[in-house]
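Here is a note for a colleague opening this structure for the first time. Please keep the sequence and the 3D view side by side while reading.

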Amino acid sequence: TAESVTKNQIISVKDSQSPTIVCRDTIILAAGAYQCNATKTLVSAPLSITDCSDFTISHALFLPNGTSASQYLSTNQTNTYIEGLPVGEYYIQYIVTDVCQNQTICESTVIVEDTSPPYPACDGLTKVALDANGKGRIFATTFDDGSTDNCGIASFKARKMTDLCGFGLAYGDYVDFCCAELGQTIMVALEVTDHYGNKNTCMVEVKVEDKLKPTLNCPPDITL
């Protein structure tokens, strides 16, 4: 027959494929020279993103235990920044969503490192007086004149640059002096170490003095 039938068929084209994203394993940030946290740093893009449509990227930052640290993220119209993040290890999520609401998340480890050495400040000249045993001792902390570090100072160590006493030249909590150095000016190095193992030194001049009067023991009276 010549009859015909017309029907409507709805064909829906859907995108069910999530974006493919490749992230860096680790992102290293440096703490600022004057604070123990990261300066404002642009969050780097993933190594690659593949999708058949347009997409958006959002970010979330976490401590290793899963606690949110996203308060250290700031976003403008086009970029996301990390700012003020304390020294330590974190992970950041890249959340990629395409126009069909397919979503993929990948993660990168974020490490904020302190690589800045301390700023040592030493006394210019220090004097040490020998005791009755011909020995003088100065503790390393005595040489400090206001040393600073962005993450805090962990320790002070000192050593003599030359040694006439046989005490040695290794760094220690104190330095000792003896009669062989009397009247001389001895150079001493103060080593300042911060909480993350960064070190720096400054130099001190130490003048060795004897402030004790001689002790004289006279023999008993003699009758002639």
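In what sense do strand 11 and strand 13 pair, and over how many bridges?

1. **The pair of strands.** Strand 11 and strand 13 pair in the antiparallel sense, over 5 bridges. Two strands pair if DSSP finds at least two bridges between them. Strands are DSSP runs of E with at least two residues, numbered from the N terminus. Within this pair, G136 stands opposite F177 of strand 13. Strand 13 is largely enclosed by the rest of the structure, because 4 of its 5 residues are buried. Buried means under 20% relative accessible area, exposed means over 50%, and partly exposed lies in between (1.4 Å probe, protein chains only).

2. **Basis and confidence.** This is a predicted model, in which local features need pLDDT of at least 70, side-chain atom pairs count only at pLDDT 80 or more, and totals for chains, interfaces and linings use all residues. Residues are numbered from 1 along each chain as its sequence is written, and side-chain values use heavy atoms, with hydrogens and water left out. The pLDDT is the predictor's confidence in each residue, from 0 to 100. Its mean over the protein chain is 92, and 96% of the residues reach 70 or more. Confidence is lowest in strand 4 (residues 48-50), at a mean of 90, and highest in strand 12, at 98.

3. The whole structure holds 6 salt bridges. A salt bridge is a side-chain nitrogen of Lys or Arg within 4 Å of a carboxyl oxygen of Asp or Glu. One of them joins R137 to D176, with the closest N and O atoms 2.7 Å apart. R137 lies in strand 11 (residues 135-139) and D176 in strand 13 (residues 174-178), so the pair ties together parts that are 39 residues apart in sequence. R137 is partly exposed, at 40% relative accessible area. D176 is buried, at 10%. K135 belongs to the picture too: K135, R137 and D176 are linked in a network of salt bridges.

4. D173 and K157 meet in a salt bridge, 2.5 Å from N to O. D173 sits in the loop between strand 12 (153-160) and strand 13, while K157 is in strand 12, 16 residues apart. D173 is partly exposed at 44%. K157 is also partly exposed, at 26%. E181 forms a salt bridge with K160, the closest N and O atoms being 2.8 Å apart. E181 is in the loop between strand 13 and strand 14 (185-194), K160 is in strand 12, and 21 residues separate them. E181 is buried at 0%, and K160 is buried at 2%.

5. What do the side chains do along strand 9? They alternate. T104, C106, S108, V110 and V112 point to one face and are buried. Strand 2 (residues 26-30) runs parallel to strand 9, with 5 bridges between them. I27 has V110 as its bridge partner in strand 9.

6. Q101 lies in the loop between strand 8 (88-98) and strand 9 (103-113). The hairpin of these strands has 4 residues between them. Q101 has a positive phi of about 70°, although it is not a glycine. Q101 is exposed, at 61% relative accessibility.

7. **The largest pocket.** How much space lies in the largest pocket? About 240 Å³. Of its 15 lining residues, the closest to the centre are I57, H59, T78, N79 and T80. On a 1 Å grid over the protein atoms alone, a pocket is an open set of points where a 1.4 Å probe fits, with protein on both sides within 12 Å along at least five of seven lines; lining residues have an atom within 4 Å of a point. Grid points are joined across faces, edges and corners, and a volume is the space filled by probe spheres set on the points. Strand 5 (55-62) and strand 6 (73-75) each supply at least two lining residues. The lining divides into 7 nonpolar, 8 polar and no charged residues. Ala, Val, Leu, Ile, Met, Phe, Trp, Tyr, Cys and Pro count as nonpolar, Asp, Glu, Lys and Arg as charged, and the others, Gly among them, as polar.
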